[in-house]
Amino acid sequence: MGWSSRALGCSVSETAVRQAADALTALRPAGYRYVILDGCWQGADGNADPARFPSGIESLADYVHGKGLKLGLSLSAGTRACAGAGRGSYKHEADDAAMVRGWGVDYVKYDWCNVPLADFPGKTTRDIAQALYPPMRAALGDSVLFAMNNEEGNTVPWLWGKDVATTWRTNLVTRPIDGTYASMLSIWETNMLRADYAGQGSWADPDLLQAGLGGMTETEHRTQLSLWAIGAAPLILQSLDAPREVIANPKVIAVDQDGLGAMGRYAQTDGWYHVITKPLANGDVAVALFNESDRSATISVKGSRLNLPGGGRYRVEDLWTGAVWSTRGDLSAAVPAHGTVMYRISPGSGQAAPMVSFEVDPGDFLGDNRPTVFEPGKEAEVTAAVTNTGGTDVLRDVAVRLAVPPGWTAVPKADGTARLKPGETYTARWAVTAPTGSEWKTYDLTGTVTAAGGVRIGGAAVARVAQAPGPGPSYISDLAWIRSANYWGPVERDQSVGGKGLNDGLPLTVGGVRYAKGLGTHAPAEIELYTAGRCSTISFQAGVDDETGDAGSVDLEVWTDGGRAAHSGIVTGAQPARKVTADVKGARYVRLVVTNGGDNATSDHADFGDATITCS
């Protein structure tokens, strides 16, 4: 646990590292200890760069140690460092190890950069890594933690790193985590494939924590910390501005740092909704319910899948909210989109209330990945379901309330309270209306459940305001869209995509034919419409705009709820436009999609000429 200078890049300096050490002392009680120089600290001779670190690394180590912290730095297994002017440790591993030990360094991250592969004829990348990494490990000695940072697609460190390193990277060093949810998700999925190889003394490292960098929401940052903790991963920050309530939760950190050192494994997964369990040293079990999808969903799991100790009743503590429940083993929770609920389960329940699951505005089907849409001025029904999941006692005086955005109305369709036996569900209903003129965007619907015995639990769902097209044919370029994405600049209305700016295109022209109406895109691209099941047909002329000459090749497609409804096939800049007509009857959403034809995408300026949709 600690902080890495990676986000500073080659702007790192002695002053910046000392300031980071000062700031990290506030997180020392939570377990954060290591101050790690991730590159650009060396000069050409391998010693500290005198311009960046004028006092030297030994002085810096003394300063860090004086704060009750530990110092780490990166070295390279090749001839040069990954960044900056520093040389690598190739062929002088023992000298470099003695140097950093003499400075008082506590941790070495050994990078895979500028490795002279030609010096190892006939050897695989794995062979070379296995030749270079153990000597540095041995030269450093057991007093220095050793992090292998060498996964480049062929070194497979999980197969042999447990005998060499304290930690080993599971994501590609050439593709470090980039601060987005998609990047974090992809890296986590890869990391989970290595659970058979991690364990006491040698752990899988799925890269740095992103909290404080601004690329993800707080919900997503909590998810990363939860998944890293249940995966027994290193917790290394890049930003010391990260919210303390996210990065310093003692109960989540205790799961990560648990003495058993076990890496969490899937108890249940279907690709969207995941249940991961981790045995703990005192016999408890940590469980994470992770909702990968873009919509809140209830995730449930039977106790028989969780490998719980003993039997009977269990105490269930929510490690993020502090709520305590009782259960006979089964778990269920409404988990926000991209969110994770994390529990610690112990034998015995004391006086805790039965576990309650509560979901506001459940999806229409398992895997429903879009918010409910409210059309301005039109009434729609919203439900909220409460279930006595724990099964330990009857839940009495259950009441549900719904809060809607200002200006909206929510009229209950039933009054009174409910009594729920173990396993029973109560569903509350409201007639909800978004006012006429509501802005097209997403809104929060929040619900609250109360019950006898002081039970109180909240839930939320995301709703979207949008309007389906009116009756008859409409030009798609005249409509408001749910969303759009485009490779080069924005999707353009009634003009070609042109440059990267808005409204900088030319008249839509394919094969010498001009279209006054339509859409200009650059593959890959996507435009999504809300159609509410009231539209029947989409038609357009598909082609590559003449502004790119004869170059470019694309496929223009129409997708509905059930899959691809129609496509143009590959059209090139040397061909005339091709008519596409798609049946979209019954679809709630329709997407126009452009894919690359298989060659270079530079000239893939795709036009939807005369694009229309017909609705009732």
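Modeller: Happy to! A disulfide is counted when a pair of cysteine sulfur atoms lies within 2.5 Å. Keep in mind that this is a predicted model. By that cut-off, cysteine 535 is joined to cysteine 615, with an S to S distance of 2.0 Å.

Colleague: Where do cysteine 535 and cysteine 615 lie?
Modeller: Cysteine 535 is in strand β33 (residues 535–544) and cysteine 615 is in strand β39 (residues 605–615), so the bond ties together parts that are 80 residues apart in sequence.

Colleague: And what is the torsion about the S-S bond there, for cysteine 535 and cysteine 615?
Modeller: The torsion is about 90°, so this disulfide is right-handed. Both cysteine 535 and cysteine 615 are buried, too.

Colleague: How many disulfides does a search of the whole structure find?
Modeller: Three. One of them links cysteine 10 and cysteine 40, with the sulfur atoms 1.7 Å apart. Cysteine 10 sits in the loop between β1 (2–4) and α1 (14–24), and cysteine 40 in the loop between β2 (34–37) and α2 (56–66), so parts 30 residues apart in sequence are tied together.

Colleague: Is cysteine 40 buried or exposed?
Modeller: Cysteine 40 counts as buried, because its relative accessibility is 5%.

Colleague: What about cysteine 82 and cysteine 113?
Modeller: They form a disulfide as well, with their sulfur atoms 1.8 Å apart. Cysteine 82 lies in the loop between β3 (70–76) and α3 (93–103), while cysteine 113 lies in the loop between β4 and α4 (125–140), so the pair ties together parts 31 residues apart in sequence. The torsion about the S-S bond of cysteine 82 and cysteine 113 is about 95°, so this disulfide is right-handed. Cysteine 82 is partly exposed at 41% relative accessibility, whereas cysteine 113 is buried at 18%.

Colleague: Which pattern do the disulfides of the chain follow?
Modeller: Counting bonded cysteines along the chain, the pattern is 1-2, 3-4, 5-6.

Colleague: One last thing: which side chain does the side chain of serine 332 make a polar contact with?
Modeller: The side chain of serine 300, at 2.7 Å. Serine 332 lies in strand β15 (residues 331–335) and is buried, because its relative accessible area is 5%.

Colleague: And is arginine 419 buried, exposed or partly exposed?
Modeller: Arginine 419 is partly exposed, because its relative accessible area is 49% and the cut-off for exposed is over 50%. You'll find arginine 419 in strand β22 (residues 418–420). Leaving aside neighbours within four places in sequence, it is in contact with Val394, Leu395, Arg396 and Glu424.

Note on methods:
Residues numbered from 1 in each chain as written. Predicted model: local features only at pLDDT ≥ 70, side-chain atom pairs only at ≥ 80, totals over all residues. Heavy atoms only, no water. Helix = DSSP H or I, 4+ residues; strand = E, 2+ residues; numbered from the N terminus. Buried < 20%, exposed > 50% of the residue type's maximum accessible area, 1.4 Å probe, protein only. Contact = heavy atoms within 4.5 Å. Polar contact = N/O pair within 3.5 Å; in protein donor to acceptor, adjacent residues only side chain to side chain.
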